[in-house]
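This report concerns a single protein chain and describes its fold through computed geometry. The sequence and the coordinates are shown first.

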Amino acid sequence: MRMRYMVALWLRLAALALCTFGSALLAYVAVCSAISPSRQMWIHWAYEPLSYAAMFLVPGIVMFRLASVLTRWLVPMPRLICPQCSHSLFRLAEPRCPECGCPVPESYVTRGERPRP
Ligand SMILES: [Zn+2]
């Protein structure tokens, strides 16, 4: 569980860094446009920094939104072990950890059968 938390934290921090850098590029373009004398020249000149800003902002926003999905994909939940107290969930009769009471998915319930792989 701690590993999941750390992976999610690092993904969100990386996304935040991408967004910060993209925003800084946008701010740079905005400041330069404010002091630029010619609007026609500014449009030509700002095309490259704006595309760089999009290259950082778009993946940053997508990564921030999908951080929890990516975390579930990168660190899969171990089966038949309680995610809260690591107690063995072998031969569960109800979808709840017998040790700490943490609710677990219905698929964990084996009712004395062999556990599903
Ligand atoms: Zn538990």
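The sections below cover the overall fold, the helix packing, the nonpolar core and the backbone.

**Basis**

The model is predicted; local features require pLDDT of at least 70, side-chain atom pairs count only at pLDDT 80 or more, and totals for chains, interfaces and linings use all residues. Residues are numbered from 1 along each chain as its sequence is written.

**Overall fold**

The protein contains three helices and zero strands, and its elements follow the order α-α-α from the N terminus. Helices (H or I, at least four residues) and strands (E, at least two) are DSSP runs numbered from the N terminus. Of the 117 residues, 12% count as buried. A residue is buried if 20 or more other C-beta atoms lie within 10 Å of its own, exposed if 12 or fewer, and partly exposed in between, with C-beta atoms placed from the backbone. Among contacts with a separation of 6 or more, 47% join residues 24 or more positions apart; a contact requires C-beta atoms, placed from the backbone, within 7 Å.

**Packing of H1 and H3**

Two packed helices are described by the angle between their axes and the distance between the axes. The axes of helix H1 (residues 2-35) and H3 come within 9 Å and cross at roughly 135 degrees. H1 is therefore oblique to H3. Angles under 35 degrees count as roughly parallel, over 145 as roughly antiparallel, 65 to 115 as roughly perpendicular and the rest as oblique. The axes are lines fitted to C-alpha atoms, for helices over the stretch in contact, and the angles run from 0 to 180 degrees between N-to-C directions.

On the H1 side, the contact is made by Arg-4, Val-7, Ala-8, Leu-11, Arg-12 and Ala-15, and on the H3 side by Ala-67, Ser-68, Leu-70, Thr-71 and Leu-74. By class, this contact has seven nonpolar, two polar and two charged residues. Ala, Val, Leu, Ile, Met, Phe, Trp, Tyr, Cys and Pro count as nonpolar, Asp, Glu, Lys and Arg as charged, and the others, Gly among them, as polar.

Leu-70 of H3 counts as partly exposed because it has 15 C-beta neighbours inside 10 Å. Ala-27, in helix H1, is exposed, as 11 other C-beta atoms lie within 10 Å. Tyr-47 belongs to helix H2 (residues 39-65) and is exposed, also with 11 other C-beta atoms within 10 Å. The table lists one pair for each of these residues.

| Pair | Sequence separation | C-alpha to C-alpha distance |
|---|---|---|
| Leu-70 and Ala-8 | 62 residues | 8.0 Å |
| Ala-27 and Ala-53 | 26 residues | 9.6 Å |
| Tyr-47 and Val-29 | 18 residues | 9.3 Å |

**Nonpolar core**

Cys-82, Leu-89, Leu-92, Cys-97, Val-104 and Tyr-108 form the largest nonpolar core, of six residues. Such a core is a set of buried Ala, Val, Leu, Ile, Met, Phe, Trp, Tyr and Cys residues joined through C-beta atoms within 7 Å. Leaving aside residues up to four places away in sequence, Val-104 touches Cys-82, Leu-89, Pro-95, Arg-96 and Cys-97.

**Backbone**

Most residues other than glycine have a negative phi, and most peptide bonds are trans. Ser-86, not a glycine, has a positive phi of about 65 degrees and lies in the segment after helix H3 (67-74). Arg-91 is also placed in the segment after H3 and has a positive phi of about 60 degrees, although it is not a glycine. Ser-86 counts as partly exposed because it has 13 C-beta neighbours inside 10 Å, and Arg-91 counts as partly exposed with 14.

How values were computed
Contact = placed C-beta atoms within 7 Å.
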